[in-house]
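Have a look at what I'm putting up, and then I'll walk you through it.

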Amino acid sequence: MPPRKDNEYIDADSDSDVDILDESGNRGRKSKGKAIDRRRKDKGKGKSSEQPYAWEASYARSWDTVQEDEAGSLTTAVADLLARNRRRRLLAPANAIRRTIIRHLIIILDLSLSMMDRDMRPTRFDLSLEYAREFIVEWFDQNPLGQIGLVGMRAGLGERLSEMSGNSQDVLKAISERHKLEPAGEPSLQNAVEMARGSMGHLPTHSSREILIIFGSLTTVDPGNIHDTLEACIRDRIRVSVVALAAEMKVCRDFCDKTGGQFGVAMNEGHFKDLLFELIPPPAQRVLSRAAGAGATNPAADLMVMGFPVRLPDTSLPALCVCHSELKSEGFLCPRCSAKVCDVPTDCDICGLMIVSSPHLARSYHHLFPVKPYQAIISLEEGSAFAKSCHACARSFPDAPTSTFTATAEGMSPLGRYRCPDCHHDFCTECDVFVHDVVHCCPGCGK
Amino acid sequence: MDKSSHISVVLDLSPSQWHLSSLPHNPYPLSFKSFLSQVLAFLNLHIASKHENTLAVFGAFPGKSVMLYSSSNPASDSSDSGNPNIYRPFEIVDSRVVTRIEEELELIDDKEEEAPIGLVGALTKALCYINRITHPTTSTQSTIVEDPAILPDPRILILSVSPDLSTSYIPIMNSIFSAQKLKVIIDVCKVYGPNTVFLEQAAHLTGGSYVYLERRDALLQHLVMSHLPSPALRKLMAVPTQEKIDFRAACFCHKNIIDVGFVCSVCLSIFCAPVPVCSTCRTKFPIKTLQRLNASRAPALRPVNGAAKTSAPSTPSLPSTPR
């Protein structure tokens with residue numbers, strides 16, 4: 001299963017009902033009207049600065065874009081919309097941008113009484129715990145060298161739920177027991193942010209520091225001036241992102257805007273998940289040196305020495321490990337001093353070399369070398385040779401255009417053919433999405 | 001009971017490696033002909049062991065990769081003059097694979113023979129094909145409604161003879177991760193040549209088995225014993241496991257396979273020597289770090305250091321640094 005298949009991006013600029021259609025399709029029919037209603041309202045709220053309110057915008061006749069096919073059925077139209085949505089994601093810029101990959105994230109969970117509100121099913125609290133778990137799993141999948149810590153806001157205090165850890169199991173364990181997290185009292189934004197900031201103070205300069213706040217309350221009780229905390233976050237270059245469950249708060253908005261984070265108000269369960277999952281891909285780093293000129297050196301960048309170990313199987317001869325002094329057969333050998341360590345990634349206790357397993361590093365390379373977007377083939381020109389079947393999966397292409405309406409503007413091919421600009425092989429829609437979302441390697445050119 | 005399974009077999013068909021393999025000075029020379037006949041026997045076994053079992057065969061040729069056979073696209077039934085003494089499905093597989101290999105080898109001219117082997121292409125095609133059969137989508141207007149419960153357990157078997165191609169490090173790693181996501185096991189049988197670091201990692205990370213063939217005359221036996229049983233069955237069997245797994249990586253600058261590397265903290269690119277500028281993300285590294293790193297590795301690795309210095313200007317990053 002590709003990781004983000006269910007995570008359809010909500011295009012903030014579109015006012016058509018395309019997103020709503022397929023999203024409310026999965027959700028109960030009952031909530032449909034309401035969801036659209038609230039979405040409209042909140043969209044105006046969230047983007048009030050640059051865009052008129054939704055009710056001031058010109059009305060989009062979204063039903064006109066859906067057409068029946070010859071048989072009078074809507075299935076082809078719906079399939080087309082889905083394919084278009086997938087395709088739109090692929091059209092995002094594919095040039096290599098610099099991203100910070102060694103990430104450190106503190107998730108601040110609101111554990112105040114307002115989280116017991118039932119406007120999201122079953123409660124805001126249960127839902128955010130569930131989504132936090134999914135978020136953590138997916139986050140570690142895409143940011144294998146990252147670390148996550150958890151802080152709770154409960155009864156006016158910041159509460160450390162788990163230390164910074166690179167092991168997803170440790171983090172998940174901290175929020176696995178619901179009864180320990182029972183919401184109480186008022187939240188204190190300042191206390192929690194200060195606690196998160198304190199635990200990120202020692203981090204090396206080349207890693208990113210991020211805070212994600214899931215905030216359900218509309219109030220915060222703070223011991224001091226929260227704007228001082230904000231200043232401190234800016235100074236420490238901590239990126240704060242907030243997903244609010246209730247409504248927009250000025251101070252939250254300020255935190256996000258001034259620290260370069262993202263702010264979003266969740267309108268319903270699906271949107272909440274979307275907002276969270278948008279924060280998973282590594283953020284593009286604000287390039288400091290480029291603005292300052294070619295001569296400047298980015299202070300955040302550094303060259304690190306890393307060793308790639310050899311893993312011993314559990315059938316090898318037992319030997320003492322250097323980390324716990326225990327007799328073990330399995331383990332990893334430091335490539336520089338041949339000391340045996342139990343787990344990677346770690347620093348070798350003997351020679352101090354940072355030992356990582358190279359697959360850990362390689363997991364993030366697809367961000368660096370994305371596959372070029374395939375070009376949609378609009379029509380079959382005469383004279384040029386066209387393959388009968390998809391180059392990757394050998395599915396045969398339709399001979400005639402199947403789409404009921406032309407969608408060339410959004411990069412859809414009416415023939416279901418997409419061509420790699422490098423190797424000029426044709427691929428079908430499924431392979432196009434699969435190659436760009438999952439494999440990250442073109443089957444034709446092998447790069 | 002046990003589900004039907006799907007195997008995508010990736011054959012490494014490098015003419016030069018097969019020539020070397022058949023030379024008589026090898027301890028156990030294995031010619032391509034006998035290899036192919038043993039592999040065909042294995043493919044037939046797979047089809048015969050369960051009626052629903054499916055099969056796809058991909059060939060990695062120098063510079064290209066081709067799907068040789070797939071059970072969902074049965075070949076055009078032109079060769080109707082079937083031998084009545086052979087089970088028909090076997091015959092179709094055998095003749096199809098053999099004729100396709102012949103056709104493709106005919107197309108290769110002498111120049112292309114030295115091109116790097118298209119293993120990555122074959123591997124990604126196998127993944128795309130598996131993605132297609134495991135996620136039957138609605139948008140294909142085919143009427144085959146497949147029940148997800150009967151969808152086969154997919155796995156990939158790579159029969160490799162070529163050495164590691166270090167330029168394909170990143171694509172191979174990407175394929176491994178997508179195989180993990182699709183829950184596809186990658187089995188590797190190393191028929192000829194030295195152990196390949198990348199395929200070892202592929203087998204290890206996807207939970208498959210990596211078999212290095214020492215007695216190459218016993219290829220069929222190895223295939224049957226360790227690669228025919230489905231992954232569910234393997235838990236009950238003593239399938240050979242890997243001894244050591246080498247987690248080495250290829251550096252981005254010279255494509256060397258290294259065990260200690262220098263890593264850019266911004267994009268995690270790996271270099272075999274300290275470089276002033278990251279060639280991937282154009283990050284400039286502090287001079288102090290460079291000096292420290294150079295000093296620390298100078299006494300032990302003097303010759304390597306010198307070589308790195310002379311070759312440094314050839315890295316693609318440097319000419320564009322003045323920007």
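Predicted model: local features only at pLDDT ≥ 70, side-chain atom pairs only at ≥ 80, totals over all residues.

On bookkeeping, residues are numbered from 1 along each chain as its sequence is written, chains are lettered from A and ligands numbered from 1 in the order in which they are written, and side-chain values use heavy atoms, with hydrogens and water left out.

Let's start with the backbone. Most residues other than glycine have a negative phi, and most peptide bonds are trans. Now look at Lys255(B): not a glycine, yet its phi is positive, about 60 degrees. You'll find Lys255(B) in the loop between strands S8 (249–250) and S9 (257–258) of chain B. By the way, helices (H or I, at least four residues) and strands (E, at least two) are DSSP runs, numbered from the N terminus. Is Lys255(B) buried, partly exposed or exposed? Its relative accessibility is 31%, so Lys255(B) counts as partly exposed.

Over in chain A, Arg237(A) also has a positive phi, near 55 degrees. Arg237(A) sits in the loop between helix H7 (226–235) and strand S5 (238–244) of chain A, and at 46% Arg237(A) is partly exposed. And which two residues does a cis peptide bond join? Those are Arg121(A) and Pro122(A), with omega about -10 degrees. Pro122(A) belongs to the loop between strand S1 (103–110) and helix H4 (124–142) of chain A.

Next up, a sheet that uses both chains. Two strands pair if DSSP finds at least two bridges between them. Here four strands make an open, antiparallel sheet, in the order S12(A)-S11(A)-S8(A)-S7(B). Why is one side of S12 of chain A and of S7 of chain B left without a neighbour in the sheet? Because S12 (340–341) of chain A and S7 (245–246) of chain B stand at the edges, each with a single partner strand. Where the chains meet, S8 (residues 310–312) of chain A is joined to S7(B) by two bridges, and Val310(A) stands opposite Asp246(B).

On to charges. Side chains of opposite charge can pair when their charged atoms come close. For a salt bridge, we want a side-chain nitrogen of Lys or Arg within 4 Å of a carboxyl oxygen of Asp or Glu. How many are there over all chains? The search finds 24 salt bridges. One of them links Asp117(A) and Arg124(A), with the closest N and O atoms 3.7 Å apart. Asp117(A) is partly exposed at 38%, whereas Arg124(A) is buried at 5%. In chain B, Arg215(B) and Asp217(B) meet at 3.1 Å, N to O; Arg215(B) is partly exposed at 43%, and so is Asp217(B), at 40%. There's also a network of salt bridges linking Lys64(B), Arg100(B), Glu103(B) and Glu104(B).

Last bit: disulfides, meaning a pair of cysteine sulfur atoms within 2.5 Å. Searching the whole structure turns up zero of them. As for cysteines, Cys189(B) is buried at 0%, and Cys278(B) is buried at 0% too. That's my tour, thanks!

Notes
Buried < 20%, exposed > 50% of the residue type's maximum accessible area, 1.4 Å probe, protein only.
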